[in-house]
4 protein chains.
Amino acid sequence: MGDNTLGTRFKISSFGESHGKVIGVLIDGTPAGLNFDLEFIQHELDKRKPGQSHLATARKESDKVEVLSGIFKDKTTGAPICLIIKNQSFDSTKYDKFKEFLRPSHVDYVSIKKYGGFADYRGSGRFSGRITAGFVMAGAIAKLILNKFNIFTFAYTESIGKITDPTEYSEDNFEQLVKIREKSLVKSLNAKLSIKMENEIESVKNLKDSVGGSIKCVVKNIPPGIGGPVFNSLEAKISRAIFAIPAIKGIEFGAGFKVANMKGSEHNDPWIIKNGEISTLKNDSGGIIGGISTGMPITLRVAIKPTASIGMRQKTVNFRTMKETEIELEGDHDPCIVPRAVVVVESILAIVFLDQLLIEGKIPSVLEN
Amino acid sequence: MGDNTLGTRFKISSFGESHGKVIGVLIDGTPAGLNFDLEFIQHELDKRKPGQSHLATARKESDKVEVLSGIFKDKTTGAPICLIIKNQSFDSTKYDKFKEFLRPSHVDYVSIKKYGGFADYRGSGRFSGRITAGFVMAGAIAKLILNKFNIFTFAYTESIGKITDPTEYSEDNFEQLVKIREKSLVKSLNAKLSIKMENEIESVKNLKDSVGGSIKCVVKNIPPGIGGPVFNSLEAKISRAIFAIPAIKGIEFGAGFKVANMKGSEHNDPWIIKNGEISTLKNDSGGIIGGISTGMPITLRVAIKPTASIGMRQKTVNFRTMKETEIELEGDHDPCIVPRAVVVVESILAIVFLDQLLIEGKIPSVLEN
Amino acid sequence: MGDNTLGTRFKISSFGESHGKVIGVLIDGTPAGLNFDLEFIQHELDKRKPGQSHLATARKESDKVEVLSGIFKDKTTGAPICLIIKNQSFDSTKYDKFKEFLRPSHVDYVSIKKYGGFADYRGSGRFSGRITAGFVMAGAIAKLILNKFNIFTFAYTESIGKITDPTEYSEDNFEQLVKIREKSLVKSLNAKLSIKMENEIESVKNLKDSVGGSIKCVVKNIPPGIGGPVFNSLEAKISRAIFAIPAIKGIEFGAGFKVANMKGSEHNDPWIIKNGEISTLKNDSGGIIGGISTGMPITLRVAIKPTASIGMRQKTVNFRTMKETEIELEGDHDPCIVPRAVVVVESILAIVFLDQLLIEGKIPSVLEN
Amino acid sequence: MGDNTLGTRFKISSFGESHGKVIGVLIDGTPAGLNFDLEFIQHELDKRKPGQSHLATARKESDKVEVLSGIFKDKTTGAPICLIIKNQSFDSTKYDKFKEFLRPSHVDYVSIKKYGGFADYRGSGRFSGRITAGFVMAGAIAKLILNKFNIFTFAYTESIGKITDPTEYSEDNFEQLVKIREKSLVKSLNAKLSIKMENEIESVKNLKDSVGGSIKCVVKNIPPGIGGPVFNSLEAKISRAIFAIPAIKGIEFGAGFKVANMKGSEHNDPWIIKNGEISTLKNDSGGIIGGISTGMPITLRVAIKPTASIGMRQKTVNFRTMKETEIELEGDHDPCIVPRAVVVVESILAIVFLDQLLIEGKIPSVLEN
């Protein structure tokens, strides 16, 4: 209750339901004077739109962004910006039965417990991955601002099921990696493995099953000294926001879980001088020490679970009769949401960092053009 | 800045520095009428106290808790509770040089960037693991309340370096596992592997090196329906708090990063009827679906990096001369902080869940005794 | 920036501009299961609609409420509710000159200073009293819930210019007072003085001038024990919300400013037994002692300044030339906003008290019907 | 519950009780690098100390400030600053009876309703005016910072009972007014009326009664453009903080309640050019238009009720027997708290404005010296 809002200075509030009238986001705290590039926002939205390829749900949605407030003469005004996309796919009759049959690893049960059976259950309502379209719209605005300050968030698919791409982000061939990712249906940085990942998705789709994966992300050019110790830590702020994305079950920074089996002499990143500036020899810290940015790229990795909605027959419970039973779900579900989640992860990171930079007074509240 | 506070209804604010006068915590929102069990709080504090064994730093601190406010006639009043421990170990002369020599993976550099060189650098000041004594004091109060409602947080060491204990928490032999953990110097659930873990720590200590590890945690008896979608997700709230503990570089819930290589048919937890109640056949979801508790145990795992402070010679930079150099750190440092972090993880979880249960009106603001 | 939101558990976020596409409000934290009475919301909105009588601005707006999210099967779901009204009056050409001529006691200057000239200046944009339509929509939902618990907020016009109505709210003839107010064009509790107040407004209107006034408000049936000392005080929470209404320049509780010239023996409200319950002989405390409700009616009074937009010739400055000059404003402005502000004050109070009662666990998050 | 905190970037948390161990304040968000002038803080505290003259309570307290955290080498570090004063007057036996006899206009009843009888009732516990010592300590730090930017808060007694001083704050003889106030036992700007006010207080003291009064305050040199519309309004932020001071029952800005009987042509402040800068001919707006500072002095006025604790016989209720009865209070109570409240009002205003200026990026988080 009362907690659909993220951020302090750049504050986003999510609203809408999967099969309601709209998906929306209210954005409060955007600096005034930003050229409001609606095409860029649409371009970002298109990256997570359903039906982009045969690998995704066939749900038909145009996802055209509409502006309700906050823009005047094509610029931000400093007032709250309300953006919506209208839902078009309304055939929700198939969902009526989930009031009764609890889908495995789905929200039917917890939703009843929390909302007393009053929640909109069509297409999972508020729990739908469709909600993240709002994150992408807000994230696009955050990116427009961050990019003016040469800060970029960049995410890509590391693995789909058993196919893992060992390619690391690298400053040197960044432009090339962006291009490869743009061409990859699964948002991979490796053209060959991209095909294998696509095959992996198709194979689970054919089995009416689903598959998980992992996404890596880097944030470039955050200056040193951002964040803080204790509850102000960048890891705390990032993870709190990232876990708003449905299906994420783990997050790690820098060397991540590998640190458990590392020695200090191995993990420590020696400070060096590079081009006359302080830098580190390697970046096992993921660009964050003591909760504060080091000036090195912020690196993190998230795990995304396989879509809970699968067509295969599954054991479950009928909530009305309180008897165990079986269920087969119809409908167009993504066999793997990893490719569509890549832009969502990027967006959330852009939102978190813009908020933090505004809080710390590093970005002015009126922008020069 | 301004962000040393966690929580909404049960709000804790951390203060103090490693080598300042005190380490403290201000706790706002404790229900009135709780029997204030000072001995229990001290007992919890003793679990993270330095110098408990030869495996930990030899720093001498009695860590005796003192109450400054909020308690009247041995009960909570509903007013803010201020608790402190006084620092006794004040030999901080050895820290003066870190104004100049940047310790690898240490906060010297980021602290200068953030606080302009004015931060208290003695023993890492606000960045010290010693700050977590405040979390333990607040967590102890949270535990006292949660326990009245039969809710428990339980953490234990899963691995130290390459030694990993496969023991899973189990409802059936919980009491026994608690006892094993109490006897283990490293807070392990396996008496044999505990010895191996101790040896692992001793061996890195002898090399003037350090080692990381991992901690597992379970929260028992959270009722179904707690938390929410989007930014209210339990994973979001837990991770935001957990990353306030220095040295944690990763967190995962339920099956965690393993989900990346799982099929939906494999990962989904079928709903079942158990003793006439809704339950799940397994718990790969970690007790959380759609950000909301399922009624199953909440399970999570965190990775702890090796202590950055090591005695071995390391490469680094002299910040004054801006030249690369080498450094050897003196002083008593924990070769592995995992054993002392176990109670800290438990405490943070107790704080997060008490806050959430109060927000959702599941725990009254005046307690019956 | 980032501060168009009020409340913790029942959280409202305001958006939209006077001459933008919509005026809207996003409401987060409404309990699930409430019958969503759209007609009631519309009825409330109609009370502040422009053009209700010859005493108000002639701006033509139908102010029809539209629901974008949060309602399913005519009930609240617990999800965020987004409500909008579309603006219809778009002739904003007359506002272009205020980029240059600073209207006296108007926001032209401060807006330029804050938003660098990027703010939407048409009809005062975000500063317009039209924004309060959002407060009324959210307040209507709050009222629907509070009324289920027999709690009511009731406001009325005390004075318009020099015409003051000494009638006090009274429990005994409450129903009758409501009826008189409904018939009064100026929302007065006194039919005769209502005519005088109308005349007062007409006379300033004819002079192309405007006039201020005062509103009294009472909140009935708040149970004792709500609120708290220090920053949790009801006076603090109420005043913080009330001053979001443009044009309010003062607020007082109970005996208000009269306390400055009172003795303790005179001001103190003796406790008495009434119908077997604790009560007070009189209510100079305005139902609040130590920031906490006493169980007596909460009473307060606010002062509303005369509309800054007047047709009379006024001295001012040309911001471009930085020379002093004169200005005559065209357009339909309310000669007195007091009558239309009455429902806004009621709405804000309903929002504040619902939020507080939810925070304190006095209203459940799922409503029985 | 959980709401003893004020502010966002400069955040103060109040703790302690009237007859507990300490009165304290935790201050989070102070910029680093400020010379920590302990003498100034003590000097400010001394202005509200009990027992300053025969006009105040005779309670003996030295109110010596102690620093627990956040200061290093006599400068702020950016870490939370914890300040306490120790309570010395512990004779609290006289308060035991108020568990039973409800003092008129006192918190006994509401406290029982809220805290179930567990609150510390000695000397009103958390509700005591003594809590405001924490506001003064935090306010002193805020003043030290604001003064570096030439911003000042200045409050003074306008009236005590029926004695009202018409003197207005004036830029021209500001230094002189400060001096007069310093010499006045009642913090008046008029030496003659000061004597009359003292007499007024003495006369009610002799009658075992108390008396109220009013305080005026001005904030100098706030730049134009600070604050915002809707919930960000300066009036909203100021009033929310001011009402944390016990005994305040009303607040007004600029012309205040007088606006109710003003015409627009009378109330509007014409813009003028003064020394080549935008200014206003008069300041009925109190330096705030549309919730935003105009650059003119911020002016406000608050009403303070007579002390509820009086020695005269009063009617009341025995809560145990639920019978009406009479009560005579012993003890040293301030017959008028207005003089001691002057510095508290100033302090709260300093806190609010420093917070707002930090939020808006107008004051850096590391100060140059």
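Guide: Two strands pair if DSSP finds at least two bridges between them, and strands themselves are DSSP runs (E, at least two residues), just as helices are runs of H or I with at least four, numbered from the N terminus. This is a predicted model, in which local features need pLDDT of at least 70 and side-chain atom pairs count only at pLDDT 80 or more, while totals for chains, interfaces and linings use all residues. Residues are numbered from 1 along each chain as its sequence is written, chains are lettered from A and ligands numbered from 1 in the order in which they are written, and side-chain values use heavy atoms, with hydrogens and water left out.

Let us begin with the strands. Strand 12 of chain A runs antiparallel to strand 12 (residues 248-253) of chain B, and three bridges join them. Here Ile251(A) stands opposite Ile251(B).

Now step back to the whole interface. Contact means heavy atoms within 4.5 Å, and by that rule 100 residues of chain A touch 101 residues of chain B. Between them the two chains bury about 7800 Å², with 64% of it on carbon and sulfur atoms; buried area is the accessible area (1.4 Å probe) that two parts lose on being put together, summed over both. On the chain A side, the residues that lose the most area to chain B are Phe231(A), Lys249(A) and Trp271(A), together 12% of what that side buries.

Lys249(A) also has a charged partner: its side chain meets that of Glu235(B) in a salt bridge, at 3.0 Å from N to O. A salt bridge here is a side-chain nitrogen of Lys or Arg within 4 Å of a carboxyl oxygen of Asp or Glu, and the count between chain A and chain B is six. Polar contacts are pairs of N or O atoms within 3.5 Å; within protein, one must be able to donate a hydrogen and the other to accept it, and residues adjacent in sequence count only if both atoms are side-chain atoms. Across this interface, 44 residue pairs are in polar contact, both residues at pLDDT 80 or more.

Strand 12 (residues 248-253) of chain A gives the most to the side of chain A that touches chain B, with six residues. That side divides into 47 nonpolar, 32 polar and 21 charged residues, where Ala, Val, Leu, Ile, Met, Phe, Trp, Tyr, Cys and Pro count as nonpolar, Asp, Glu, Lys and Arg as charged, and the others, Gly among them, as polar.
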